[in-house]
Amino acid sequence: MLDLGDTGSGAPTDGALVERARRGDVTAYEELVRRHQEVAFRTAALVSGGAMEAEDAVQDAFVKAHAALGRFRADAPFRPWLLAIVANEARNRRRASGRRQALALRFAEDRRPGAEAAPSPEAAVLAHEWRAELLAAIERLRAEDREVIGCRFLLELSEAETAEVLRCPKGTVKSRLSRAMDRLRTEMGARASR
Amino acid sequence: MSEHPVNRPDRGGLDLERELAALATAIDWPPTPDVAAAVRVRLAAGAPRPSRRWWFAPPRLSRPLLIALLLLALLAAVATAVALGLPGLRITFTSDPLPTPNVPAATATTSTGSPPASAPAPIPGSDLGLGTPMALAAARARLGVPLLMPAVPGRPGPDGAFVSMVRGSAIVTLTWGTGPDLPPLRAGSDVGLLVTVLRASVGEGLMEKLVRTGTTVERVEVGGHRGFWVSGGEHLVWFRREDGEVVDVPIRLAGDTLALEIDGRVVRLEVAGGREVAIALAETIAER
């Protein structure tokens, strides 16, 4: 059943915006883009391996998604469908550029995850080094492992969304994630033992 | 609420799921560009509206006839691509390598025009993704029409020239390094003046669609040439090429911009100091 209402906070739902965009309301589509451009850009960056490629890919993806709105099932969630298009564009660009390196992710020095109390300086340094190693270990994984870990943990996509991005069944996401995590543990274990 | 995998400690005491979940909140992602504005412009420039039907419903044709039609369509597409470049709504300002690698790269010179004694200084703007650096003469040749640029007092010419190819058309960007009369375009920039030249016209409808919160677009006329003064922060600038394609020139500087259409070319000028400084420089634009 198509929800043409609002989200309860007064803002129209994605479904309502899609319906308006289908009728030619570009402003409605622009609002959809604004809502999802951050996660779309980050997904593209993760898959393509570069911010520049990601920007081009996500723009093309949104234009293609607009053209394909007629084929979009109105009762389906918009974000997974969109991210599948984004990932496809990003993957194409990565293949076309021959890029092999992963996106060089960093973490904000002053952003301490969670609601931890400020650690001692020594603990802060150790935590910083640990997270840097974890990020480096992720970047050393092969693309398939990096993508599934990146989608589920770094982008915080749901299993359904990850399945759309990776173009595989939900069950395959589980098994891929399990294997990727095993390889990451091995990688981190090997680093720790040095 | 997204479903995170259940936390479970593994062998060796490493709670990797928890660490990864914590890492997610600390990632310093690249800043998200303003995709919405760019998409809106592309859609306004003529992207097809969404259709409620499949765009292609093959008729019931005999197999040989269908194959013949497909081949004809393929040949037509190839011919079009060769003649015009691949059709598309958007032509991207790229920094792809040009097919003439033997053109000597531009090197920075001092304001007196003499080459540096030791290692050449970085070319102003070389970190902006403006394209392939090259000598000014080579950049002129790539443009295919006479190059337009302002006269900057005390400077014999630009310090840097870059060319980017967009679907077979050249976009030439010239940079002048900072100095007493050319403050940096923004804090930390080594560019005091940036001029982009391409064969196009200023798309009035497109320019007005760029207006976003905090950005103003003002029509101007300088030396009898029409154009726009865009102010208020970083923005995309779009032009319509001779063959009708829409071109975006996303120079990634938070600068106010003067864009003028001069005899089949668009000259885009960024300089600190505001509208009047830009107009004063633009009044000196000539073929050089």
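This is a predicted model: local features need pLDDT of at least 70, side-chain atom pairs count only at pLDDT 80 or more; totals for chains, interfaces and linings use all residues.
Which residues in α6(A) and α7(A) meet?

**View 1. Contact of helices α6 and α7 in chain A.** From α6(A), the residues E147(A), V148(A), C151(A) and R152(A) meet E159(A), T162(A), V165(A) and L166(A) of α7(A). By class, this contact has four nonpolar, one polar and three charged residues. Helix α6 covers residues 143-154 and helix α7 covers residues 159-166 of chain A. Their axes come within 9 Å and cross at roughly 145°, in a right-handed crossing.

**View 2. Crossing of helix α3 of chain A with helix α2 of chain B.** The axes of α3 (residues 51-67) of chain A and α2 (residues 35-44) of chain B come within 10 Å, crossing at roughly 50°. The two helices are therefore oblique to each other, and the crossing is right-handed. On the chain A side, V58(A), Q59(A), D60(A), F62(A), V63(A) and H66(A) take part, and they meet V35(B), A38(B), V39(B), R42(B) and L43(B) on the chain B side.

**View 3. R167(A) in the loop between α7 and α8 of chain A.** R167(A) is a residue other than glycine with a positive phi, near 55°. R167(A) is exposed, its relative accessible area being 53%.

**View 4. D263(B) in the loop between β12 and β13 of chain B.** Strand β12 covers 257-262 and strand β13 covers 265-271. D263(B) is not glycine, and its phi is positive, near 50°. With a relative accessible area of 62%, D263(B) is exposed.

Conventions. Residues are numbered from 1 along each chain as its sequence is written. Chains are lettered from A and ligands numbered from 1 in the order in which they are written. Side-chain values use heavy atoms; hydrogens and water are left out. Axes are lines fitted to C-alpha atoms, for helices over the stretch in contact, and angles run from 0 to 180 degrees between N-to-C directions. Helices (H or I, at least four residues) and strands (E, at least two) are DSSP runs, numbered from the N terminus. Angles under 35 degrees count as roughly parallel, over 145 as roughly antiparallel, 65 to 115 as roughly perpendicular and the rest as oblique. A crossing is left-handed if the near helix is turned anticlockwise from the far one by less than a right angle, and right-handed if clockwise. Contact means heavy atoms within 4.5 Å. Ala, Val, Leu, Ile, Met, Phe, Trp, Tyr, Cys and Pro count as nonpolar, Asp, Glu, Lys and Arg as charged, and the others, Gly among them, as polar. Buried means under 20% relative accessible area, exposed over 50%, partly exposed in between (1.4 Å probe, protein chains only).
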